[in-house]
Amino acid sequence: MSISAGKLVCVTGASGYIASWIVKSLLQRGYTVRATVRDPSNSKKVEHLVKLDGAKERLHLFKADLLEEGSFDSVVDGCDGVFHTASPVRGAVKDPQVELIDPAVKGTLNVLKSCAKSPTVKRVVLTSSVAAVIFSGRPLSPEVVVDETWFSDPDICRELKRWYSLSKTLAEDAAWKFVKENKIDMVVINPCMVAGPLLPPEVNYSVEPILNLINGFPFPNFSMGWVNVKDVAKAHIQAYEIASASGRYCLIERVVHYSEIARILGDLYPTLQISNKCEDDGPYTPTYQYSQEKVKSLGIEFTPLEISIKETVESFREKKIVKF
């Protein structure tokens, strides 16, 4: 019998890009999954979940609100593990506090408070981001190797108006303090930009830059780390299943400048009119490296970026988001 057979786990924000893949992978492994969404009756938002293999028998949808204390009590009680992925992801916001920071920080604490009340929860796996790692104030260059000991500085995030980074940094910081005080076993996953096949019907913030390049927009003057969504889902489950897993795990296959994403797209799809122009005339922001040393212990072999980009584009075509 496998480690997962019959085990009950919870995934918050289950309709999201990463969370959907976590749900899919958990069902494949034989878990019974309680999945929280904002509105289980919204078929457009949950259809891709209820169609998953094993969903009919072992997936149960629950309504839960990040900002409502106690909203997760009955959902997590009885679960062996909780995957907390629910947190808004967006770039342009009018009110960062309301749109990003409150749901991230208060939502994380509400989920953890529910876990603290439940005698059954053995481990929590929290989806954070390299956004909570990279803005430390240390200079970045091709020789620099970022690792799990780096933490973003909230003041620097505010100064740069990196509101999503601020939300993830404050949420992760609050989570570590809470679990220490309440003796909760928590592991944190810090993925970078995520690419690969989409299960939800809509384009998300992470793959939107790839769609913009396909649509002929100039590329941003920015260097980012990239990772495949299937690798991210696997890392979450390994972080839950492997007893010795602890602390944080940065997930990055490769850091590239956006000009490299444009080049890869052009090589993969020569008929596309991919722009070779940058959004600004400044020098390209430097690339840097991430240590993959710690994440090796989770048994992750990263999917090459070229494959992740191809899978993303093929997913766009399959969902008729692009036609060529």
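The buried residues of helix 7 (buried meaning under 20% relative accessible area, with a 1.4 Å probe and protein chains only) pack against helix 5 (96-117), strand 5 (123-127), helix 6 (154-159), strand 7 (186-191) and strand 10 (247-251). The model is a predicted one, in which local features need pLDDT of at least 70 and side-chain atom pairs count only at pLDDT 80 or more, while totals for chains, interfaces and linings use all residues. Residues are numbered from 1 along each chain as its sequence is written, and side-chain values use heavy atoms, with hydrogens and water left out. Helices (H or I, at least four residues) and strands (E, at least two) are DSSP runs, numbered from the N terminus.

## Helix 7 and the residue that follows

Helix 7 covers residues 163-182, and at 1.5 Å a residue its 20 residues should span 28 Å, which agrees with the 28 Å between its end C-alpha atoms; the expected span is taken as 1.5 Å times one less than the number of residues. The buried positions of this helix are Tyr164, Ser165, Leu166, Ser167, Lys168, Thr169, Ala171, Glu172, Ala174, Ala175, Phe178 and Val179. An α-helix has 3.6 residues a turn, so residues three or four places apart point the same way.

Ala174, which lies in helix 7, is buried with a relative accessible area of 16%. Leaving aside residues up to four places away in sequence, Ala174 touches Val105 and Leu109, where contact means heavy atoms within 4.5 Å. Although Ala174 and Leu109 are 65 residues apart along the chain, their C-alpha atoms are separated by 7.3 Å.

Just after helix 7, Lys183 takes a positive phi of about 55 degrees. This residue is found in the loop between helix 7 and strand 7 and is exposed, with a relative accessible area of 76%; exposed means over 50%, and partly exposed describes values between the buried and exposed limits. Lys320, in the segment after helix 11, also has a positive phi, near 60 degrees, in a residue other than glycine, and at 62% relative accessibility Lys320 counts as exposed. Most residues other than glycine have a negative phi.

## Two helix pairs

Two packed helices are described by the angle between their axes and the distance between the axes. Here the axes are lines fitted to C-alpha atoms, for helices over the stretch in contact, and angles run from 0 to 180 degrees between N-to-C directions.

| Helix pair | Axis angle | Axis distance |
|---|---|---|
| Helix 1 (residues 17-28) and helix 9 (residues 229-241) | roughly 60 degrees | within 9 Å |
| Helix 10 (residues 258-268) and helix 11 (residues 305-318) | about 65 degrees | 10 Å |

The axes of helix 1 and helix 9 cross at roughly 60 degrees, which makes helix 1 oblique to helix 9. By the convention used, angles under 35 degrees count as roughly parallel, over 145 as roughly antiparallel, 65 to 115 as roughly perpendicular and the rest as oblique. Helix 1 passes helix 9 in a right-handed crossing, a term for a near helix turned clockwise from the far one by less than a right angle. The contact is made by Tyr17, Ile18, Trp21, Ile22, Ser25 and Leu26 of helix 1, together with Val229, Lys230, Val232, Ala233, His236 and Ile237 of helix 9. By class, the contact has 9 nonpolar, 2 polar and 1 charged residues, with Ala, Val, Leu, Ile, Met, Phe, Trp, Tyr, Cys and Pro counted as nonpolar, Asp, Glu, Lys and Arg as charged, and the others, Gly among them, as polar.

Ser25 of helix 1 is buried, with a relative accessible area of 13%, and touches Ala233 and Ile237 when residues up to four places away in sequence are not counted.

Helix 10 and helix 11 pack at an angle of about 65 degrees, which makes helix 10 roughly perpendicular to helix 11, and their crossing is right-handed. Ile261, Ile264, Leu265 and Leu268 in helix 10 meet Leu305, Glu306, Ile309, Lys310 and Val313 in helix 11, and the residues of this contact divide into 7 nonpolar, no polar and 2 charged.

Ser246 lies in the loop between helix 9 and strand 10 and, at 42% relative accessibility, counts as partly exposed. Ser246 touches Val187 and Lys294, not counting residues up to four places away in sequence. Ser246 and Met186 are 60 residues apart in sequence, with a C-alpha to C-alpha distance of 7.2 Å.
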